[in-house]
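This briefing is for a reader who is new to the structure.

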Amino acid sequence: MKIFDLCKPYLIKYRKSIIIYLTISIFAGLFAMVNPFIIGDFIDSLIEGGNMGVVWRFSIIFATLNAMRTLLGYVTMLIYIKIQSRTAHEFSQDVIAYLQKLSLSFINKHDTNYLSQVINGDTNMLIIFCISVIHNFILNGLYFLVPLAILISLNFQVTAVLMTFLLVYIVIYVKFKKPLFDRSMILRVAQNTFFSKLLEQLKLTKFIKIHSISDIFREKLNGHFDNLISETIKTQKLNFLYSSLDTTLTTITQIVLFLMGGYLILNGNFTIGMFTIFSMYFNMMLGAAKYFFDFGKTYQDNLVSLQRLNDILLNAPETQGTEQLTRIDKIDITNLTFSYDENTTLIKRLNLSLRRGNIYGITGVNGAGKSTLINLLIGMYIDEKSGNITFNGLSSEKIDMAYLRKTLIGISEQDPVILDTTLADNIALDGSPHDIKKYADLLNIDFTKLGDNSPLNFSGGEKQKLAILRLLIKNPDLMIFDEPTSALDLDSSKNFISHLQTIKPDKIILIITHDTLLTEEFDQIINF
């Protein structure tokens with residue numbers, strides 16, 4: 001089963017806990033299977049002239065068994081929560097890690113809210129499905145086979161007649177298998193689209209308020225809601241038809257049981273207690289059989305989650321080399337060409353040499369490809385470019401670019417990401433302690449006033465200073481600054497430029513800028 005293939009590593013890891021969980025569940029199930037005998041024997045004992053001593057004896061036995069069953073149920077509940085939460089968490093973390101190995105092109109093509117729902121919702125759904133299948137297959141197997149053996153021993157003919165109704169369940173399942181899957185997929189897509197657009201409105205609240213276009217967004221959301229309601233109704237109609245046939249078949253089976261059981265009692269072939277036992281065990285067996293046939297619908301629902309996850313996991317990761325450089329002395333770009341789509345080529349047959357000890361300025365109009373060049377240089381879109389990028393003469397495809405970005409490459413973004421964490425963790429992303437006073441003074445940063453000491457309250461200029469601070473503290477061989485002085489005051493800009501001149505003999509420095517004050521400091525200008 002494909003779903004189990006995907007979840008197997010996590011189930012194997014926690015197999016001991018799963019075995020304990022199943023063992024206790026089986027014991028609790030055995031207690032449940034004793035109940036029909038106790039009740040049937042109790043009824044016959046009363047009919048045959050039992051007294052209050054019999055009543056007390058059966059009451060104590062019944063209460064004891066069910067108390068033990070409740071206790072075991074509580075224990076299995078605790079074990080299940082631990083297994084399910086841990087396996088689902090590890091599964092989702094692995095999917096996130098895999099997603100981060102894919103090309104940015106793949107991620108950019110998907111709505112982040114949709115990806116979040118897939119990673120959090122579908123991984124959890126598949127783990128719950130796998131654990132419940134293992135658990136319910138064993139228990140319902142017992143609830144079907146043990147009562148079946150008992151019913152055959154009580155009356156083979158009645159059992160044979162009732163078993164024919166199970167064949168009808170097979171026909172129903174086969175008939176509804178594909179429609180249920182198709183409907184589930186369509187509804188899931190409609191739900192995700194609606195909630196994605198709903199979250200979009202929350203994220204764009206400021207933009208909507210500035211332009212007073214809430215009515216436009218509301219109208220679009222209403223359209224997605226109408227589609228969701230329509231698909232929900234269609235799905236519920238199909239589910240109702242499926243469950244109605246199930247209910248009708250169950251009713252007919254019960255009527256047949258009443259007729260045949262009543263006939264056997266009236267003719268002296270069954271006691272009332274025996275009929276009670278027969279009826280309870282048959283209903284137990286019928287419930288187990290229903291689980292196996294309803295399993296088809298549950299499986300189809302979970303195939304939707306499997307397919308959505310496979311849309312991520314079946315994509316090949318980006319090329320990742322194994323060579324780990326300890327220093328960057330030179331970077332050579334040869335015949336580099338790249339486009340995001342077939343209609344627009346941003347970079348065409350670019351040739352460029354970057355050497356340690358130089359500051360390079362990257363200038364040009366917006367949208368000309370400056371940021372794209374940086375992305376390609378640091379290993380983004382590595383499988384989608386043509387041409388070659390080498391570090392110290394070694395092709396980027398052979399280099400562990402993730403390790404290179406972590407150790408020898410640093411970027412100060414124009415619109416930096418600010419994390420919802422402490423100021424210290426925002427500055428040193430690797431979590432290690434650093435002496436930041438030197439660089440704080442360089443950029444005229446007063447940490448006592450910075451964003452009221454809350455990263456989420458930073459102004460645009462404060463964010464940019466923080467991004468520059470991050471890069472200076474990291475002190476990598478390749479330093480990339482994107483419009484570093486656009487939000488700096490004049491004194492901070494001069495201090496920043498002076499510092500770059502001081503450290504440049506041991507660095508390769510790239511600066512994207514429109515600032516004429518900076519262009520005088522460049523050893524070479526790369527104009528787009």
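**A buried glycine**

G296 counts as buried because its relative accessibility is 2%, and buried means under 20%. The model is a predicted one.

**Around G296**

- G296 sits in helix 9, which covers residues 272-313.
- Along the chain, G296 and K177 are 119 residues apart, yet 6.8 Å separates their C-alpha atoms.

- An open sheet is formed by four strands with antiparallel pairing, in the order 2-1-4-5.
- At its edges lie strand 2 (347-355) and strand 5 (394-395), each of which pairs on one side only.
- Helix 10, made of residues 370-377, packs on the sheet and touches strand 1 (330-338), strand 2 and strand 4. The direction of helix 10 makes about 120° with that of strand 1.
- Strands of a sheet pair through backbone hydrogen bonds, in either a parallel or an antiparallel way.

**Pairing in detail**

- Strand 1 and strand 4 run antiparallel and are joined by five bridges.
- I331 has F391 of strand 4 as its bridge partner.
- Strand 4 (residues 386-391) also pairs with strand 5 in the antiparallel sense, over two bridges.
- F391 has L394 of strand 5 as its bridge partner, and T390 has S395 of strand 5.

**The largest pocket**

- The largest pocket holds about 1500 Å³ of space.
- Its lining comprises 39 residues, and those closest to the centre of the pocket are I378, M380, R405, I411 and E413.
- By type, the lining of the largest pocket divides into 20 nonpolar, nine polar and ten charged residues.
- Several helices each supply at least two residues of this lining: helix 4 (104-108), helix 10, helix 11 (401-407) and helix 14 (460-474).
- Strand 6 (409-412) and strand 7 (478-482) likewise each supply at least two residues of the lining.

How values were computed. Residues numbered from 1 in each chain as written. Predicted model: local features only at pLDDT ≥ 70, side-chain atom pairs only at ≥ 80, totals over all residues. Heavy atoms only, no water. Pairing = 2+ DSSP bridges. Contact = heavy atoms within 4.5 Å. Axes fitted to C-alpha atoms, helices over the stretch in contact; angles between N-to-C directions. 1 Å grid on protein atoms, 1.4 Å probe; cavity = no way out; pocket = protein on both sides within 12 Å on 5 of 7 lines; lining within 4 Å. Points joined across faces, edges and corners; volume = space filled by probe spheres on them. Nonpolar A, V, L, I, M, F, W, Y, C, P; charged D, E, K, R; others polar. Buried < 20%, exposed > 50% of the residue type's maximum accessible area, 1.4 Å probe, protein only.
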